[in-house]
Amino acid sequence: MTQDEMKKAAAWAALEFVEDDSIVGVGTGSTVNHFIDALGSIKDRIKGAVSSSEASTERLKELGIEVYDLNSVASFSVYVDGADEINARNHMIKGGGAALTREKIVAAVADKFVCIIDNTKEVDVLGKFPLPVEVIPMARSYVARELVKLGGDPVYREGVVTDNGNVILDVHNMQITDPVATEEQINAIVGVVTNGLFAARGADHVIIGTPEGAKQR
Ligand code: 5RP
């Protein structure tokens, strides 16, 4: 099985968490694109979706799935999204697709976070994948200097502007042994919108695509 086939297996398995007549929280990325296709196959059973990016919104609409403004939805049961890394405690690094802030906001409103990954995303310690940090453009250099003080090696993601009009610093060479503390510490730097650690609010369910098919943990 290819990595993409494992992503697809995990994504389609997540349909079991989708309740009839519900609004579904939808993340961003290549794994989620498979989930959006899966949602398209049951679109008459759901009310619609709330989306974490312009890219996912466009794909949902192309399939005829109604996309609701998050401000008009007080609660919904399930948010489905991928991850760049996940540890055994279901803390994640996300933001490889630069959608981390909207992803964190939509995840915060959902009752349950269902993480869909292929088996290459499981790690013992987070940080091999560079940690994305969304930053207000004028604060870029200041925030980079503060990240160096924390022991990281920030790299400006050239040419990328987030859906919120901000920039991304990818922080290399961090061994994140206390993800909850690191998430809080980086978010406290003035000029940071949010960082890609999803630890304070981790995943509630993880579906892993493997060569033997989708497995849950
Ligand atoms: C986007 C994300 C994605 O969930 C993460 O990058 C995983 O992407 P993929 O499913 O393409 O491997 O956080 O901001």
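Helices and strands in these legends are DSSP runs, numbered from the N terminus, and the model shown is a predicted one.

**View 1. A cavity lined in part by helix H4.** The count comes to 1 cavity of 30 Å³ or more, and the largest cavity has a volume of about 30 Å³. Its lining includes Ser52, Leu100, Thr101, Arg102, Glu134 and Asp163, and helix H4 (residues 100-109) supplies the largest share, 3 residues. By class, the lining of this cavity is made up of 3 nonpolar, 4 polar and 3 charged residues.

**View 2. A nonpolar surface patch containing Met138.** Ile136, Met138 and Val193 together present about 310 Å² of accessible area in this patch. Met138 sits in the loop between strand S7 (131-135) and helix H5 (140-149), and because its relative accessible area is 81%, Met138 counts as exposed.

**View 3. The salt bridge between Glu122 and Arg217.** The closest N and O atoms of this pair are 2.8 Å apart. The pair links distant parts of the chain, with Glu122 in the loop between strand S6 (110-118) and S7 and Arg217 in the segment after strand S13 (213-216), 95 residues apart. Glu122 is partly exposed at 36% relative accessible area, and Arg217 likewise counts as partly exposed, at 39%.

**View 4. The salt bridge between Arg157 and Asp170.** The two side chains meet at 2.8 Å, N to O. Arg157 lies in the loop between strand S8 (153-156) and strand S9 (167-172), whereas Asp170 belongs to strand S9, so the pair ties together parts that are 13 residues apart in sequence. Both Arg157 and Asp170 are buried.

Note on methods: Residues numbered from 1 in each chain as written. Predicted model: local features only at pLDDT ≥ 70, side-chain atom pairs only at ≥ 80, totals over all residues. Heavy atoms only, no water. 1 Å grid on protein atoms, 1.4 Å probe; cavity = no way out; pocket = protein on both sides within 12 Å on 5 of 7 lines; lining within 4 Å. Points joined across faces, edges and corners; volume = space filled by probe spheres on them. Helix = DSSP H or I, 4+ residues; strand = E, 2+ residues; numbered from the N terminus. Nonpolar A, V, L, I, M, F, W, Y, C, P; charged D, E, K, R; others polar. Patch = residues over 30% accessible without salt bridge, like charges linked within 9 Å, V, L, I, M, F, W, Y side chains within 5 Å. Areas by Shrake-Rupley, 256 points an atom, 1.4 Å probe, with all protein chains shown as cover. Salt bridge = Lys/Arg side-chain N within 4 Å of Asp/Glu carboxyl O. Buried < 20%, exposed > 50% of the residue type's maximum accessible area, 1.4 Å probe, protein only.
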